[in-house]
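Visitor: I've got the model open and a few things I'd like to ask about it. Can you walk me through them?

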Amino acid sequence: MTSRKRLIFSYSILAAALAVLFGCSLFWGSVNLTPGAVLDVLLSRGSDSLTENIVLQLRLPRAVMAVLLGAALSAAGYLLQTFFANPIAGPFVMGVSSGAKLAVALTMVVFLERGLLTNSVTLIFAAFVGAMAAMAFVLVVARRVERMSILVICGVMIGYICTAITDIVVAFAQDSNIVNLHNWSQGSFSGMTWGNVRAAAVVVLPALAAAFLLSKPMAAYQMGEAYAKSVGVNVRGFSVVLVLLSSLLAACVTAFAGPISFVGIAVPHLVRQLLRSAKPLYVLPGCCLGGAAFCLLCDLIARSLFAPTELSISSVTAVFGAPVVIWLLVRRGQEGRG
């Protein structure tokens, strides 16, 4: 199979999986609906008000949000892996998501205890500040250590520190606010509204478009900083943009759905294996499709496996994503010995 045919075949698999999972997300849940009933609602062919409410106000915005945020998280992971030249790098492992989580939790507690309501702009801004603070710490450490394994461990430790402080903040929040804060801090796509979708789309879509525009300099950067400079890439400016985009994408996910683990690490690697290519121009679209499909699958499992009890999305993504990370670590260890 030629590389072109393989790319088309791989994209077709990802797109088909995304379409099937999106459809399942609309008619499968604690209240099962037939595909015909869902189509009637989507095509405005008349249906009962309960079905319309379930599809249009509950499941459709949730599914669209899972697609948006799944694509954002996978792309953020790929950008970080490119920046650090390490397949283990990702928003969750490097502490970026945990930093965003802490900032959002503090913001929510402060606002809620004063009887104020937080809006999407406030949460995204708070998450971005937290993500950038965590990333800044990681970059400071990166200047002082040469071994990437030490940097990854430092990122994990940052994540633990931020998570511990977040748990303390949640523990001392007012009783009426603890349930919402706790559910959000575990990661979930539940309760998404069309307002959330619009706010997330305003951030995610331009950020993804900017990432696609960086495909050419990213390909040069993957060959090393010296090569990138030789072909005219402003490495310092490029690095800053890469960090800002990855932090913004991860922050948007955390602001709306809480921290979601392993998606940013596992999906880019699986997509590279599927495409048999490392070119950013090919991998980035695959990451968006794969991340969206992966999050739809995990969300479907989270809300359907033990319905009406809903699992946290991070619990499900960890079950599927952690084995991929373990396999990556084992393979890198074998390559190192070889």
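Visitor: Is Phe-262 buried or exposed?
Guide: Keep in mind that this is a predicted model. Phe-262 lies in the loop between helix H11 (235-257) and H12. The cut-off for burial is under 20% relative accessible area. Phe-262 has a relative accessible area of 18%, so it counts as buried.

Visitor: What is the phi of Phe-262?
Guide: Most residues other than glycine have a negative phi. Phe-262 isn't a glycine, yet its phi is positive, at about 70°.

Visitor: How many cavities of 30 Å³ or more does a search of the whole structure find?
Guide: Rolling a probe the size of a water molecule over the atoms shows where empty space is left. The largest cavity holds about 40 Å³ of space. With that 30 Å³ threshold, the search of the whole structure comes back with one.

Visitor: Which helix gives the largest share of the lining of the largest cavity?
Guide: The lining includes Leu-73, Phe-92, Phe-262 and Val-263. By type, the lining residues split into eight nonpolar, four polar and no charged. The largest share, three residues, comes from helix H12 (residues 263-275).

Visitor: Where is Arg-272, and is it buried or exposed?
Guide: Arg-272 has its place in helix H12. Leaving aside neighbours within four places in sequence, its contacts are Tyr-78, Gln-81, Pro-87, Ser-277, Ala-278 and Val-283.

Visitor: How many disulfides does the structure hold?
Guide: A disulfide needs two cysteine sulfurs within 2.5 Å. The sulfur of Cys-24 has its closest cysteine sulfur in Cys-298, and because they are 14 Å apart, that is too far for a bond. For Cys-295 the closest cysteine sulfur is also in Cys-298, at 6.5 Å, again too far for a bond. The count for the structure is zero.

Visitor: What is the relative accessible area of Cys-295?
Guide: Cys-24 is buried, with a relative accessible area of 17%. Cys-295 is buried too, and its relative accessible area is 1%.

Technical notes
Residues numbered from 1 in each chain as written. Predicted model: local features only at pLDDT ≥ 70, side-chain atom pairs only at ≥ 80, totals over all residues. Heavy atoms only, no water. 1 Å grid on protein atoms, 1.4 Å probe; cavity = no way out; pocket = protein on both sides within 12 Å on 5 of 7 lines; lining within 4 Å. Points joined across faces, edges and corners; volume = space filled by probe spheres on them. Helix = DSSP H or I, 4+ residues; strand = E, 2+ residues; numbered from the N terminus. Nonpolar A, V, L, I, M, F, W, Y, C, P; charged D, E, K, R; others polar. Buried < 20%, exposed > 50% of the residue type's maximum accessible area, 1.4 Å probe, protein only. Contact = heavy atoms within 4.5 Å.
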